[in-house]
Amino acid sequence: FLGVTINNKKEKINEKKLKKSKKKLFEATKIILIEKMLSQEEMVSIYKSGDSFVLPTRGEGWGRPFMEAMIMSLPAIGTDWGGQLDFMNKKNSFLIDYVLDYVSAPGYSEIPAFKNKKWANPSVEHLMKLMRYVCSNRDLAKEKGNIDRKDIGSNYNCKAVGKLVTDRLNLLKDWDKKLFTLFISSENKKKLDSFSIETDFF
C-alpha cells in the first residue's frame, strides 16, 4: 500500500498535477492509492495486510504511525533521526541513514518557524537497500517485527506510560516545593506536602 498525505492548509490542490502524479505512479508499478479518511478499523485492517511499514520521514515529534505499525508486529523502516527514536532502535527496527540539511523553502513556507532550521534527508539508496532486505528475508524481518511488538507492548502500555507520567509529575512537584517554598502560605505548603499521585489512577 502507498499512503499519501496532502497538506492543504494554505494552497488549493493543483488537480492537474495530482492526476499526472497518479498516472506516473500507476504506470510505474501496482499501487493502491487511498484518498479518503480511514476509520480506526480500516487502519487496523491495512496494518494487518502489510508486510512492513515504511516511512522515510524528515522528522517526527513522536511518530505515532511507527508505534501503531510496530504493535501490529510489522517490521518498521524509518529514519534514524527524530522523536521516534524514543522507541525505535536497531534491535527492533530498520533505521535509514540520513544527512541533516536546512529545511527547504516549501517546508518552511508551510511552517515559518522551520526557516533556518534543519531536518533529516533520508538516504534513498539505503532506504531501497533496507526494503529489498525485508522483502528478501521475510523470516528475519518477521522476527524483528515480533521484537518491536514486544517492546511497544511492554514499555508503552497504559500502566507503563502511567508510571512515566506520575513519576515525572511527582518529580516536578518536589522541584516546585523547593523552588517556591518561600512564596506559598504554610497552609498551602501542607497541602503540597500531602499531595501524591498514584499510578493506579491510570
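**Exercises on a predicted model**

V165 is found in helix α7, which covers residues 158-180. The model is a predicted one.

**Exercise 1.** State whether V165 counts as buried, partly exposed or exposed.

Solution. 
- Step 1: take the relative accessibility of V165, which is 34%.

**Exercise 2.** Describe the second largest pocket by volume and lining.

Solution. 
- Step 1: the volume of this pocket is about 210 Å³.
- Step 2: the lining consists of 13 residues, and G50, D51, S73, P75 and K142 are the closest to the pocket centre.
- Step 3: two or more lining residues come from each of the elements α2 (40-49) and α6 (138-155).
- Step 4: α6 gives the most to the lining, with four residues.
- Step 5: sorted by class, the lining of the second largest pocket has six nonpolar, four charged and three polar residues.

**Exercise 3.** Summarise the secondary structure of the chain and its share of buried residues.

Solution. 
- Step 1: the chain has eight helices and five strands.
- Step 2: along the sequence, their pattern reads α-α-β-α-β-β-β-α-β-α-α-α-α.
- Step 3: the chain has 202 residues, of which 22% count as buried.

Note on methods
Residues are numbered from 1 along each chain as its sequence is written. This is a predicted model: local features need pLDDT of at least 70, side-chain atom pairs count only at pLDDT 80 or more; totals for chains, interfaces and linings use all residues. Side-chain values use heavy atoms; hydrogens and water are left out. Buried means under 20% relative accessible area, exposed over 50%, partly exposed in between (1.4 Å probe, protein chains only). On a 1 Å grid over the protein atoms alone, a cavity is a set of points where a 1.4 Å probe fits but cannot get out, and a pocket is an open set with protein on both sides within 12 Å along at least five of seven lines; lining residues have an atom within 4 Å of a point. Grid points are joined across faces, edges and corners, and a volume is the space filled by probe spheres set on the points. Ala, Val, Leu, Ile, Met, Phe, Trp, Tyr, Cys and Pro count as nonpolar, Asp, Glu, Lys and Arg as charged, and the others, Gly among them, as polar.
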